[in-house]
Amino acid sequence: MHHSLYIFAIAFIVRILNLYLNQINVDTYLIEDQIMYWEWSLKNAYTPYNLIEPKLLLERMPGSFLFFQLATWLVGENLFNILIIQIIIDAINCVVIAFIARTINKSLFILAGIVSAFSPVMVIVSSQILSDTIFLFFFSIATLCILNFIKHKKENWVYLGSLFLGLALFTRVVVLPLIFLIPILIFYIFHKEKYNILKIIRIASIFFIISFSLVTPRILTNYYNYNTFALTSQSGSHFA
């Protein structure tokens with residue numbers, strides 16, 4: 001446990017130093033997509049109080065915007081404090097990555113944690129108003145759960161993994177193919193464990209239900225309004 005705390009502390013210190021070395025001012029610090037994430041979050045995107053043109057909301061998934069709105073509710077419209085919340089999450093990401101490495105090889109725990117703590121990409125991204133950090137949080141926990149499922153053959157890991165995959169999908173659509181591939185893994189592992197076929201189907205079905213629970217309203221709305229099951233569109237008004 002103390003190794004996990006060391007990794008978290010190192011990762012947090014590196015990231016907080018990076019923030020202090022930058023001038024965190026909304027008018028000068030935010031560029032390109034960050035401006036859009038900031039403005040949409042302040043305009044309550046993807047909530048009943050949304051002030052954004054609905055068709056524009058089709059471009060992105062809601063997860064990161066709702067996260068930034070929650071952070072704003074907690075600390076106000078203070079960019080520095082919101083980034084503090086995000087770097088805490090990214091420091092946790094480093095610990096999760098270390099646990100992922102440990103499921104493969106116990107000796108990799110500290111190495112993976114330290115490498116991720118000092119990763120330039122993770123450090124820089126955690127200081128930006130984008131979806132990367134919160135997506136990595138959900139996806140890395142989902143990955144840890146799936147690896148534990150492979151290792152321990154326990155169905156509870158499947159359900160927990162599906163929950164975080166669902167949150168990852170709610171943040172970025174890129175994980176969608178993985179949600180369709182994992183049931184194949186579920187069938188293969190439980191078939192080797194000589195599970196009843198009906199039980200395997202039940203487990204896979206619950207996995208699908210949990211994984212798609214957050215995005216199902218969006219899928220139905222898009223199908224009703226645009227005659228497609230696609231989740232996002234970079235064009236904003238239709239789906240390619």
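Trainee: Is Lys199 buried, partly exposed or exposed?

Mentor: Lys199 is partly exposed, at a relative accessible area of 32%. Keep in mind that this is a predicted model.

Trainee: Which residue does Lys199 form a salt bridge with?

Mentor: The partner is Glu155, and the closest N and O atoms are 3.7 Å apart. Lys199 belongs to helix H11 (residues 197-212) and Glu155 to helix H9, so this pair ties together parts 44 residues apart in sequence.

Trainee: And Glu155, buried or exposed?

Mentor: Glu155 is buried, because its relative accessible area is 17% and the cut-off for buried is under 20%.

Trainee: What does Arg202 form a salt bridge with?

Mentor: Arg202 also pairs with Glu155, with 3.7 Å between the closest N and O atoms. Here too the pair runs from helix H11 to helix H9, so parts 47 residues apart in sequence are tied together. Arg202 itself counts as partly exposed, at 39% relative accessibility. Taken as a group, Glu155, Lys199 and Arg202 are linked in a network of salt bridges.

Trainee: How many salt bridges are there in the whole structure?

Mentor: A search of the whole structure finds five. One of them joins the side chains of Arg172 and Asp132, at 3.1 Å from N to O.

Trainee: Where do Arg172 and Asp132 sit?

Mentor: Arg172 is in the loop between helix H9 (155-171) and helix H10 (176-192), while Asp132 is in helix H8 (residues 132-152). The two are 40 residues apart, and the pair links distant parts of the chain. Arg172 is partly exposed, with a relative accessible area of 29%, and Asp132 is partly exposed as well, at 24%.

Trainee: New topic: pockets. What volume does the largest pocket have?

Mentor: The volume of the largest pocket is about 350 Å³. Its lining has 17 residues, and those nearest the centre are Tyr46, Leu57, Leu58, Arg218 and Thr221.

Trainee: Which helix gives the largest share of that lining?

Mentor: Helix H12 (residues 216-226) does, with six residues. By type, the lining of the largest pocket divides into ten nonpolar, five polar and two charged residues.

Trainee: What about the second largest pocket, what is its volume?

Mentor: The second largest pocket has a volume of about 160 Å³. Twelve residues line this pocket, and Tyr37, Arg60, Met61, Thr171 and Arg172 are the closest to its centre. The lining of the second largest pocket is made up of four nonpolar, five polar and three charged residues.

Trainee: Over to helix H6. Which residues of H6 are buried?

Mentor: In H6 (residues 109-117), the buried ones are Phe109, Ala112, Gly113, Ser116 and Ala117. They lie on the same side of H6, because they cover an arc of only 130 degrees around the axis.

Trainee: What covers the buried residues of H6?

Mentor: The cover includes helix H1 (2-20), H5 and helix H7 (120-126).

Trainee: Where is Val96 placed?

Mentor: Val96 is in helix H5 (residues 79-104). Val96 is buried, at a relative accessible area of 9%.

Trainee: What is Val96 in contact with?

Mentor: Leaving out neighbours within four places in sequence, Val96 is in contact with Ser140, Ile141 and Leu144.

Definitions and conventions. Residues numbered from 1 in each chain as written. Predicted model: local features only at pLDDT ≥ 70, side-chain atom pairs only at ≥ 80, totals over all residues. Heavy atoms only, no water. Helix = DSSP H or I, 4+ residues; strand = E, 2+ residues; numbered from the N terminus. Buried < 20%, exposed > 50% of the residue type's maximum accessible area, 1.4 Å probe, protein only. Contact = heavy atoms within 4.5 Å. 1 Å grid on protein atoms, 1.4 Å probe; cavity = no way out; pocket = protein on both sides within 12 Å on 5 of 7 lines; lining within 4 Å. Points joined across faces, edges and corners; volume = space filled by probe spheres on them. Nonpolar A, V, L, I, M, F, W, Y, C, P; charged D, E, K, R; others polar. Arc of directions from axis to C-beta. Salt bridge = Lys/Arg side-chain N within 4 Å of Asp/Glu carboxyl O.
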